[in-house]
Amino acid sequence: MDCIFCKIIAGEIPATKVYEDKNMLIIEDIDKKAKKHFLLLPKSHYASLEDANFREQIALGRAIMKLPKLKEVLGLNDGYRLVINQGEDAGQTVKHLHIHILSGQKMGWNPA
Ligand code: 5GP
Ligand code: ZN
């Protein structure tokens with residue numbers, strides 16, 4: 001499949017990995033939009049929330065709920081923001097669902 005995140009998960013394209021388990025991989029974003037910018041990649045390929053099957057829904061929930069335990073490892077202790085860009089208006093560029101983890105600075109509230 002021609003999906004850049006599937007290739008990263010398969011180890012075919014290099015990435016800076018910060019955490020991995022059987023359901024997810026967390027990497028550094030190649031083009032940081034905040035002082036700290038990670039991407040949580042479910043290992044299963046689906047484009048958007050509405051495309052996730054039941055297993056994928058459970059795995060995504062578990063992945064998100066693991067973040068409090070990873071705060072130390074990722075350096076998120078002063079707070080963090082989770083973002084999912086879905087579709088055209090949100091500017092989703094990679095059609096493999098991913099969660100942006102933004103941290104390391106004070107953030108405003110401007111979706112533009
Ligand atoms: P989207 O706009 O789809 O929500 O986010 C895609 C994100 O993936 C962007 O922040 C972009 O910088 C990041 N990205 C795209 N290609 C690569 C890559 O090859 N490696 C890494 N680490 N990040 C990537
Ligand atoms: Zn994929």
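How far does a polar side-chain atom of Lys33 lie from an oxygen atom of ligand 1? The gap is 2.7 Å. Some notes on the rest follow.

1. Ground rules first: this is a predicted model, with local features needing pLDDT of at least 70, side-chain atom pairs counting only at pLDDT 80 or more, and totals for chains, interfaces and linings using all residues. Residues are numbered from 1 along each chain as its sequence is written, chains are lettered from A and ligands numbered from 1 in the order in which they are written, and side-chain values use heavy atoms, with hydrogens and water left out.

2. An N or O atom in the Asp29 side chain is 2.5 Å from a ligand 1 oxygen, while Gly91 uses a backbone N or O atom, 3.2 Å from an oxygen of ligand 1. By itself the ligand exposes 520 Å², and the protein buries 86% of that (areas by the Shrake-Rupley method with a 1.4 Å probe).

3. Where does ligand 1 sit? In the largest pocket. A pocket here is an open set of points on a 1 Å grid over the protein atoms alone, where a 1.4 Å probe fits, with protein on both sides within 12 Å along at least five of seven lines; sitting in it means that more than half of the molecule's atoms lie within 2 Å of its grid points. Helix 1 (4-9), strand 2 (24-28) and strand 3 (36-42) are the elements giving two or more residues to the shell, and helix 1 gives the most, with three. Helices (H or I, at least four residues) and strands (E, at least two) are DSSP runs, numbered from the N terminus.

4. The shell holds 18 residues, each with a heavy atom within 4 Å of the ligand. Glu28, Asp29, Lys33, Thr93 and His100 come nearest.

5. Lys7, in helix 1, is partly exposed because its relative accessible area is 25% (buried is under 20%, exposed over 50%, partly exposed in between; 1.4 Å probe, protein chains only). Beyond four places in sequence, Lys7 contacts Met1, Asp2, Glu12 and Ile13 (heavy atoms within 4.5 Å).

6. Ser103 belongs to strand 5 (residues 99-103) and counts as buried because its relative accessibility is 2%.

7. Tyr80 is in strand 4 (residues 80-83) and is partly exposed, at 30%. Its partners beyond four places include Leu67, Pro68 and Ser103.

Key:
Polar contact = N/O pair within 3.5 Å; in protein donor to acceptor, adjacent residues only side chain to side chain. 1 Å grid on protein atoms, 1.4 Å probe; cavity = no way out; pocket = protein on both sides within 12 Å on 5 of 7 lines; lining within 4 Å.
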